[in-house]
Amino acid sequence: MTCSDIEQAIGTAYNEKKYERAGAHNMKVAIGSDHAGVELRKEIISMIEELGMQVEDVGCECDTSVDYPDYAIPVAEKVANGEADRGILICGTGIGMSIAANKVKGIRCALVHDLFSAKATRQHNDSNVLAMGERVIGPGLALEIAKVWLTTEYEGGRHGRRVDKISQYEGQ
């Protein structure tokens, strides 16, 4: 199966019209990483800016060990309080970042390492934060995942009642 086949299978259309329909040009994305995600975070920031979106980078800027909650929680809080429309988090595996982000009320952080899940988590789960692992996937796939995730709209409908049940449990 080629990349083109995969894109066709999940219905990915990379064109300006789709970006505009998804509100991409007005979107603000908060992004953060720990020491294991610095390089990938920088590449994703460039891609986001090329899409005409605003970026708020919360770091980190070092290669020495730092604690992922110190970056995951500020990104998640920016999304939860409306300072950012979406958030992206990168660490070695994405697991720690996603766990920490999901502790913030109102956050639906999805750990994603494939294109199908990137699209589905936006369409069906209205995920508002994306987590990825720099040690798990390469930059090419990570950039495609971020692009698909940022430009895919939430479908609502039957999925809405499911997302609402999560929010109700959360006490929102």
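In the predicted model, the side chains of Lys42 and Glu61 meet in a salt bridge, with 3.9 Å from N to O; a salt bridge is a side-chain nitrogen of Lys or Arg within 4 Å of a carboxyl oxygen of Asp or Glu. This pair links distant parts of the chain, with Lys42 in helix α3 and Glu61 in the loop between β2 and α4, 19 residues apart. Local features need pLDDT of at least 70 and side-chain atom pairs count only at pLDDT 80 or more, whereas totals for chains, interfaces and linings use all residues. Residues are numbered from 1 along each chain as its sequence is written, and side-chain values use heavy atoms, with hydrogens and water left out.

Glu61 also forms a salt bridge with Arg41, the closest N and O atoms being 2.5 Å apart. Arg41 is buried at 0% relative accessible area, while Glu61 is exposed at 56%; buried means under 20%, exposed over 50% and partly exposed in between (1.4 Å probe, protein chains only). Lys42 counts as partly exposed, at 37% relative accessibility.

By this rule, the salt bridges number 8. A network of them links Lys28, Glu56, Lys78 and Glu83. Within the Glu83 and Lys78 pair, the closest N and O atoms are 3.4 Å apart. Lys78 is buried, with a relative accessible area of 16%, and Glu83 is partly exposed at 40%.

In helix α8 (residues 158-170), His159, Gly160, Val163 and Ser167 are buried. Helices (H or I, at least four residues) are DSSP runs, numbered from the N terminus. Lys165, Gln168 and Tyr169 are exposed on the other side of α8.

How values were computed. Helices (H or I, at least four residues) and strands (E, at least two) are DSSP runs, numbered from the N terminus.
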